[in-house]
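These are my notebook entries from a first reading of one structure, set down in the order in which I looked things up.

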Amino acid sequence: TKQIEKNETFDWYQTYNGVKDIISQHIIKSDKILNVGAGNSRLSEEMYDEGYQNITNVDISLSVVKFMEDKLKTKCPNMTYKHLDVLNMKETFQSAEFNVVIDKGTLDTVLCGDNSEANVEKMLIEVNRVLKPNGVYICISYGSEEQRKEFLKNKTINFWDVKVDKVAKPSVILSGQITDEKDPKNYHFIYTMNKLA
């Protein structure tokens, strides 16, 4: 991508600052964290700076994984990057390996692809598989609850208590005004779900 060619990072949706008040309610610094579809976002780097130092990042783009590994190997020595498809992580991660899975836009990306509904189910089954009992899946999405609940409340996946928070989009914050507080286009949604014990 152009950002990688320019040796840059890029954050879709929200920066860590925009979501940390919500995320920090659900995780502790010693948690083992998996960031799916990490891309070249600074989310993991900024979390690492705040003491969350057991983070594994996965992305389907090998060039992004290599770029981020090289960029952060000295600054974040305990953080790892892996070239991996979130739809099938069985050969890389054991069941119940992580306390937390963070997804900033990956569910949305899968929903934009071919066979989207089947692939979202595969992804959520894998997320659920790698989470420890009572582990938490945090999904940052542009999709409103009405658009995402059919996927996140799927009976074949052991999540319960889907909590929804919303944060104003950075562009809305910069403009200094929200013209319609009920308009979902002004927000990103943060879905927090725990795996059943």
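I began with the charged pairs and found that the structure holds 12 salt bridges, a salt bridge being a side-chain nitrogen of Lys or Arg within 4 Å of a carboxyl oxygen of Asp or Glu. Before going on I noted that this is a predicted model, in which local features need pLDDT of at least 70 and side-chain atom pairs count only at pLDDT 80 or more, while totals for chains, interfaces and linings use all residues. I also noted that residues are numbered from 1 along each chain as its sequence is written, and that side-chain values use heavy atoms, with hydrogens and water left out.

**Entry: salt bridges.** I looked up Glu-46 and found its side chain joined to that of Arg-42 by a salt bridge, at 3.1 Å from N to O. For burial I used relative accessible area (buried under 20%, exposed over 50%, partly exposed in between, with a 1.4 Å probe and protein chains only). Glu-46 counts as buried because its relative accessibility is 19%, whereas Arg-42, at 28%, counts as partly exposed. Next I took Glu-126 and Arg-129, whose closest N and O atoms are 2.9 Å apart in a salt bridge. They lie 3 residues apart in helix 6, so about one helical turn separates them, and both Glu-126 and Arg-129 are buried. I then turned to Asp-165, which forms a salt bridge with Lys-163, the closest N and O atoms being 3.0 Å apart. Asp-165 is buried at 18% relative accessibility, while Lys-163 is partly exposed at 32%. I also found one network, in which salt bridges that share partners join Arg-42, Glu-45, Glu-46, Asp-49, Lys-71 and Lys-75.

**Entry: the whole chain.** I counted 8 helices and 7 strands in the protein, where helices (H or I, at least four residues) and strands (E, at least two) are DSSP runs numbered from the N terminus. Of the 197 residues, 48% are buried. For contacts I took heavy atoms within 4.5 Å, and among contacts with a separation of 6 or more, 74% join residues 24 or more positions apart.

**Entry: the nonpolar cores.** Which residues have the most contacts inside the largest nonpolar core? I found Leu-34, Phe-93, Val-101, Leu-107, Leu-124 and Tyr-137, in a core of 29 residues; such a core is a set of buried Ala, Val, Leu, Ile, Met, Phe, Trp, Tyr and Cys residues joined through side-chain atoms within 4.5 Å. The elements that give two or more residues to this core include strand 1, helix 5 and strand 7, and helix 6 supplies the largest share, 5 residues. I followed Leu-107 in particular and, not counting residues up to four places away in sequence, found that it touches Val-120, Met-123, Leu-124, Tyr-137, Cys-139, Arg-148 and Leu-152. Apart from this core lies another, of 28 residues, among them Tyr-16, Ile-27, Met-79 and Ile-138.

**Entry: the largest pocket.** I read a volume of about 690 Å³ for the largest pocket. Its lining has 30 residues, and those closest to its centre are Gly-37, Asp-59, Ile-60, Thr-106 and Thr-109. Strand 1 (33-36), strand 2 (55-59) and helix 5 (106-111) each supply at least two lining residues, and helix 5 gives the most, with 4. I kept the definition beside this: on a 1 Å grid over the protein atoms alone, a pocket is an open set of points where a 1.4 Å probe fits, with protein on both sides within 12 Å along at least five of seven lines, and lining residues have an atom within 4 Å of a point.

Entry: I found Ser-144 in the loop between strand 5 and helix 7, and it counts as buried because its relative accessible area is 9%. Leaving aside neighbours within four places in sequence, Ser-144 is in contact with Pro-184, Phe-189 and Tyr-191. Ala-96, in the loop between strand 3 (80-83) and strand 4, has a positive phi of about 55 degrees although it is not a glycine. Asn-115 also is not a glycine and has a positive phi, of about 50 degrees; Asn-115 sits in the loop between helix 5 and helix 6 and is exposed at 60% relative accessibility.

Key
Grid points are joined across faces, edges and corners, and a volume is the space filled by probe spheres set on the points.
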